[in-house]
Amino acid sequence: MFDLSGKTALVTGSGRGIGLVLARGLAKAGARVAVNDLRDDIVGAARETLRRDGIEAAGAAFDVTDREAVREGIDRLERDVAPLDILVNNAGIHRRAPLAEMSAEDWRLVIETNLTSAFLVGQRAVRGMIARRSGKIINICSLNCELPRPSIGNYAAAKGGLVLLTRSMTVEWARHNIQINGIAPGYILTEMTKPLYEDPEKNAWIIGRTPAERWGRPEELVGAAVFLASAEADFVNGHVLFVDGGMRVAL
Ligand SMILES: NC(=O)c1ccc[n+]([C@@H]2O[C@H](COP(=O)([O-])OP(=O)(O)OC[C@H]3O[C@@H](n4cnc5c(N)ncnc54)[C@H](O)[C@@H]3O)[C@@H](O)[C@H]2O)c1
């Protein structure tokens, strides 16, 4: 069970953090993986990190918000490496500000990077999946897709939209034997959350609000991703799996 041998996976935004760990996890489950990030040097460094773990990853640097770059990147990967069986839409950013003061640019950038990108990359990757009648798309959502907190209105709106995009993809693409699901992480220790765990007050708030009373590690998302990428999830459609130490169910 959960064997991904013979499958090819692309993880967007996998130069570091959760994406890099998911790429490693999918590779350890047998998949051939392709790393994506904004620039060649970031992708190269991630591939080198994986090489030290005995994983020969492919690489494709492109901006997931740039439709033309996405088209070129996916087409090149499918031509030079292999058709994509698994897509993990992981790239994401934060631009924190109270909604009343948020610039239009910070709103737009976060919506484009966390939501529009999944549409653009998904739309390009699904063509081959439809033709082959097989594919898995995993959208990395967030606990904030349901529960916002002050200063992340752009991010919460994008992640909430990503849940509905996951369901929209499902209602259109499930009949082609493509399963689209989401993972909603709680608070996970990465560069993205550094401003939170390095602030004693915010750190204490997060630990106090999480029933598990701790932060999560990126490695703790691997099992969910491998499951949703595997044949064992062939009848799991439009689901969002929360991996959050219980934060979503606590008042
Ligand atoms: N860390 C958490 O607690 C947490 C919680 C819930 C959801 N998430 C989500 O998980 C995903 C990964 O988060 P992370 O914590 O690893 O963040 P991170 O900042 O460590 O990594 C994100 C990666 O995405 C890349 N990226 C950003 N914009 C891109 C673009 N336009 N094109 C290609 N790559 C781009 C960045 O260069 C970076 O390498 C994000 O979607 C994030 O919203 C994280």
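This is a short walk through the structure, from the whole chain down to single residues.

The model is predicted. Start with the overall fold. The chain holds eight helices and seven strands. Its radius of gyration is 17 Å, close to the 18 Å that the globule rule gives for 251 residues, so the chain is as compact as a globular protein of that length. Along its principal axes, the C-alpha trace spans about 50 × 40 × 35 Å.

Of the 251 residues, 51% count as buried. The chain exposes about 11,600 Å². Carbon and sulfur atoms supply 53% of that area. Contacts tell us how the chain folds back on itself. Take the contacts between residues at least 6 apart in sequence: 73% of these join residues at least 24 apart.

Next, turn to a pair of helices. Helix 3 covers residues 67-80, and helix 4 covers residues 104-132. Their axes come within 8 Å and cross at roughly 35°. The crossing is right-handed. Which residues of helix 3 and helix 4 meet? From helix 3 come Arg67, Val70, Arg71, Ile74, Asp75 and Glu78. From helix 4 come Phe119, Leu120, Val121, Gln123, Arg124, Ala125 and Arg132. An α-helix has 3.6 residues a turn, so residues three or four places apart point the same way.

Helix 8 is our next stop. It runs over residues 222-229 and is mostly covered. How many of its eight residues are buried? Six of them are. They are Val222, Ala224, Ala225, Val226, Leu228 and Ala229. What do these buried residues pack against? Their partners are helix 1, strand 4, strand 5, strand 6 (178-185) and strand 7 (240-243).

Helix 1 leads us to a residue with another setting. Lys28 sits in helix 1, which covers residues 17-28. Is Lys28 buried or exposed? Lys28 has 61% relative accessibility, and the cut-off for exposed is over 50%, so Lys28 counts as exposed.

His94 gives a contrast in cover. His94 lies in the loop between strand 4 (86-89) and helix 4. Its relative accessibility is 15%, and buried means under 20%, so His94 counts as buried. What does His94 touch, leaving out residues up to four places away in sequence? It touches Val110, Ile152, Tyr155 and Met192.

Finally, check the backbone. Most residues other than glycine have a negative phi. Two residues here go the other way. Phe2 has a phi near 65°, a positive value in a residue other than glycine. Phe2 is found in the segment before strand 1 (8-11). With a relative accessible area of 35%, Phe2 is partly exposed. Arg133 also has a positive phi, near 55°. Arg133 belongs to the loop between helix 4 and strand 5 (135-140). At 47% relative accessibility, Arg133 counts as partly exposed.

Definitions and conventions: Residues are numbered from 1 along each chain as its sequence is written. This is a predicted model: local features need pLDDT of at least 70, side-chain atom pairs count only at pLDDT 80 or more; totals for chains, interfaces and linings use all residues. Side-chain values use heavy atoms; hydrogens and water are left out. Axes are lines fitted to C-alpha atoms, for helices over the stretch in contact, and angles run from 0 to 180 degrees between N-to-C directions. Helices (H or I, at least four residues) and strands (E, at least two) are DSSP runs, numbered from the N terminus. A crossing is left-handed if the near helix is turned anticlockwise from the far one by less than a right angle, and right-handed if clockwise. Contact means heavy atoms within 4.5 Å. Buried means under 20% relative accessible area, exposed over 50%, partly exposed in between (1.4 Å probe, protein chains only). The radius of gyration is taken over C-alpha atoms; the globule rule is 2.2 Å times the number of residues to the power 0.38. Accessible areas come from the Shrake-Rupley method with a 1.4 Å probe; for residues, only the protein chains shown count as cover.
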